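Morning, everyone. Please bring up the structure, and I will walk you through it.

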2 protein chains.
Amino acid sequence: MPPSEGAMRATTLNDVARRAGVSIATASKALNGRDDVAAATRARVLAAAQELSFTPNEMARGLLAGRTGTVGLLTSDLEGRFMLPILMGAEDAFGAGQINVFLCDARGDAIREQHHLKALLSRRVDGIIVVGRQTDPRPSLGQDLPVPVVYAYAPSDDERDLSLTPDNYAGGRMAVEHLIACGRTRIAHVSGDPSYAAAQDRLAGARSALSAAGLELVGDPMFSEWSEHWGRDSSAMLLARHPEIDAIFCGSDQLARGVLDTARDLGRNVPDDLAVMGYDNWELLATNSRPQLTSIDANLQQLGRHAAQRVFDAIDGVDVGEGVHHLPVRLVIRGSTIARR
Amino acid sequence: MPPSEGAMRATTLNDVARRAGVSIATASKALNGRDDVAAATRARVLAAAQELSFTPNEMARGLLAGRTGTVGLLTSDLEGRFMLPILMGAEDAFGAGQINVFLCDARGDAIREQHHLKALLSRRVDGIIVVGRQTDPRPSLGQDLPVPVVYAYAPSDDERDLSLTPDNYAGGRMAVEHLIACGRTRIAHVSGDPSYAAAQDRLAGARSALSAAGLELVGDPMFSEWSEHWGRDSSAMLLARHPEIDAIFCGSDQLARGVLDTARDLGRNVPDDLAVMGYDNWELLATNSRPQLTSIDANLQQLGRHAAQRVFDAIDGVDVGEGVHHLPVRLVIRGSTIARR
DNA sequence: CTGTTAGCGCTTTCAA
DNA sequence: TTGAAAGCGCTAACAG
């Protein structure tokens with residue numbers, strides 16, 4: 001019995017050929033637009049295909065062609081804020097190129113990741129993009145895979161792999177340069193978990209901008225967790241101990257939201273008394289605060305598209321390349337650093 | 001020339017058979033654990049497969065089996081807050097069942113959706129889950145598809161399709177019942193875009209709970225957009241006009257965040273002077289506010305798993321069913337409605 | 001127990 | 001211009 005959906009066995013090229021009264025080979029040629037088919041024959045075949053709503057079986061086609069027109073997207077954890085834009089960028093790029101994407105979520109588990117990798121290989125994907133949730137290096141899938149692999153966001157720990165990751169150092173520098181350009185000189189830093197490479201890189205970038213201007217951070221960088229709560233608490237401590245602070249550079253927009261909250265509680269006007277910068281340019285947070293948050297955008301969707309493009313190229317035989325590439329980030333200026341007029 | 005990755009043509013069953021010195025059929029049996037193979041032979045085959053790191057070609061296998069072990073996830077827009085949990089639930093359920101998921105994002109464009117649908121059918125997916133971004137009915141993909149289809153979140157406009165969507169009416173009722181149970185009697189409602197079914201359903205549910213208690217909404221429901229800004233502005237208006245309000249039920253957590261902000265500005269203590277409820281239980285927003293937000297959780301991940309389960313069943317020949325199913329939601333109580341002690 | 005044979009749906013020579 | 005035949009990698013009959 002056929003499945004309930006009014007289903008039936010999908011129509012095959014054979015059905016089309018028979019209905020059009022030609023051989024299966026001729027039908028194939030007609031449908032694929034090859035020019036050694038009589039116009040009348042082609043018309044008949046196309047009509048038949050239409051009537052039977054024929055859709056060629058890509059699996060069979062792939063078997064012949066040796067490529068499937070599919071790629072695997074291996075994420076370590078869909079949950080994260082950073083996955084989605086990368087996913088979208090990649091899906092977008094591939095979709096335009098008639099490639100379909102297998103989505104696999106390893107849930108942060110190495111065993112599950114191996115399972116999924118195996119599954120992807122058995123499906124003969126033409127390439128794989130590995131998306132990690134942090135910018136800390138992650139274990140390589142290895143060099144002996146039969147398909148090209150690109151690492152996005154979380155770089156591979158093996159230099160022979162190609163990794164695309166946002167340039168957090170440049171982001172940190174850019175942020176502080178902006179604050180300095182706004183006339184601020186007593187700048188503090190609030191960040192999240194210090195074990196994150198992102199936290200350290202952004203801080204290092206910030207420090208390079210400061211020392212280039214002959215300045216130093218006010219107080220120690222405040223590390224703890226990437227939460228709004230910590231943004232509130234850390235800034236309260238900072239401002240109590242160093243009331244002269246005129247700008248706080250935050251390692252995330254969440255932290256910055258917390259800082260804004262504290263500033264209001266303390267009656268410090270933002271941006272006049274105190275400039276506040278976020279990081280990530282998470283629109284939900286950045287555009288709904290009062291004032292809106294100046295932030296650094298890592299262009300993640302573009303990063304996803306880039307990764308897809310590399311896989312594309314690799315499929316076409318271009319060497320995929322290697323090393324960790326730090327992709328440019330972008331400053332988005334809003335009201336938390338410059339008063340709107 | 002082989003692709004750079006140290007690639008090479010993937011090893012086939014033929015390679016394994018030759019290396020083990022058996023026929024290709026025997027190799028197949030040995031690898032698939034059929035019992036009509038001598039132990040010694042099996043060992044030899046397994047060893048050979050291991051050495052060549054053989055992975056069976058699922059496409060070839062699928063060609064024989066008539067099923068591919070893949071399903072399509074057709075989303076209308078990845079951007080949304082509601083996609084991700086559903087996606088995760090479905091991916092999770094399928095992953096455990098050795099099924100791989102094609103992710104297709106139509107970007108809210110009907111033409112692109114048709115393209116993707118066609119692509120999925122040509123890949124001979126065994127089923128499709130259509131995920132919409134709102135709970136308003138969406139156009140059906142049609143009844144004459146060769147695979148089972150389940151609609152998640154956004155129901156199909158055709159009753160013959162199976163749709164799973166959260167029970168917003170029950171959510172609205174549940175929210176107001178909770179507020180009443182907390183002793184509130186002067187309850188107002190702030191919501192987003194009134195053209196959303198979600199907005200109307202939640203309001204209708206809220207009203208049913210109110211009238212069951214012999215109460216009425218204070219003031220008109222405040223509709224505009226689903227933003228924190230509107231939460232701030234609308235509640236300021238409400239509280240100015242109706243200072244007696246002792247609870248505000250919000251149509252989203254974003255709105256509720258805005259309401260909390262205004263309450264603080266006006267010096268109204270939450271929850272003592274004013275109880276505030278959100279909707280969606282978006283943890284990022286709900287757990288980072290002061291106080292944390294009581295909210296309604298639509299169990300979206302579970303909804304995704306359900307949808308996957310239905311597709312599973314349909315693949316196994318069980319009728320997929322039909323009609324719009326409203327899945328239960330859940331109250332999550334935090335500090336914005338009950339003072340913590 | 002093992003190997004031979006016949007396909008799954010399609011594309012691609014190569015004759016007719 | 002058309003069709004017969006081979007074969008992509010695999011499994012499922014059947015003979016041996």
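Helices (H or I, at least four residues) and strands (E, at least two) are DSSP runs, numbered from the N terminus. Keep that in mind for every element I name.

Now the ground rules. This is a predicted model, where local features need pLDDT of at least 70, side-chain atom pairs count only at pLDDT 80 or more, and totals for chains, interfaces and linings use all residues. Residues are numbered from 1 along each chain as its sequence is written, chains are lettered from A and ligands numbered from 1 in the order in which they are written, and side-chain values use heavy atoms, with hydrogens and water left out.

Chain A first. We count 12 helices and 11 strands there. How spread out is chain A? Its radius of gyration is 27 Å, well over the 20 Å that the globule rule gives for 341 residues, so chain A is more spread out than a compact globule. The radius is taken over C-alpha atoms, and the rule is 2.2 Å times the number of residues to the power 0.38. Along the principal axes, the C-alpha trace of chain A spans about 90 × 45 × 40 Å.

Next, burial. Of the 341 residues in chain A, 55% are buried. Buried means under 20% relative accessible area, exposed means over 50%, and partly exposed is in between (1.4 Å probe, protein chains only).

Contacts, then. Take those in chain A between residues at least 6 apart in sequence: 70% of them join residues at least 24 apart. A contact means heavy atoms within 4.5 Å.

Charges. Chain A carries 35 positive and 43 negative side chains. The centres of the two sets lie 6 Å apart. Lys and Arg count as positive, Asp and Glu as negative; His and the chain ends are not counted. Each charge is placed at NZ of Lys, CZ of Arg, CG of Asp or CD of Glu.

On to aromatic pairs. Rings of Phe, Tyr and Trp (its six-membered ring) pair if their centres lie within 6.5 Å; planes under 30 degrees apart count as stacked, over 60 as edge-to-face and the rest as tilted. Over all chains, the count is nine aromatic pairs.

Look at A:Y196 and A:W226. Their ring centres are 5.6 Å apart and their planes sit at 65°, so this pair is edge-to-face. A:Y196 lies in the loop between β6 (187-190) and α8 (197-212) of chain A, and A:W226 in the loop between α8 and α9 (228-241), so the pair ties together parts that are 30 residues apart in sequence. A:Y196 is partly exposed at 25% relative accessibility. A:W226 is partly exposed too, at 21%.

Now chain B. Are the rings of B:F82 and B:Y153 stacked or edge-to-face? Their centres are 5.1 Å apart and their planes are at 15°, so the pair is stacked. B:F82 is in the loop between β1 (70-75) and α5 (83-96), and B:Y153 in the loop between β4 (149-152) and β5 (162-166), 71 residues apart. B:Y153 is buried, at 4% relative accessible area.

Last, the backbone. Most residues other than glycine have a negative phi, and most peptide bonds are trans. B:Y153 has a positive phi of about 70°. A:Y153 has a positive phi near 70°, and that residue is buried, at 4%.

Two cis bonds to finish. One joins B:V270 and B:P271, with omega about 10°. B:P271 lies in the loop between α10 (253-265) and β8 (275-277) of chain B. Another joins B:R290 and B:P291, with omega about -10°. B:P291 is in the loop between α11 (283-286) and β9 (295-297) of chain B.
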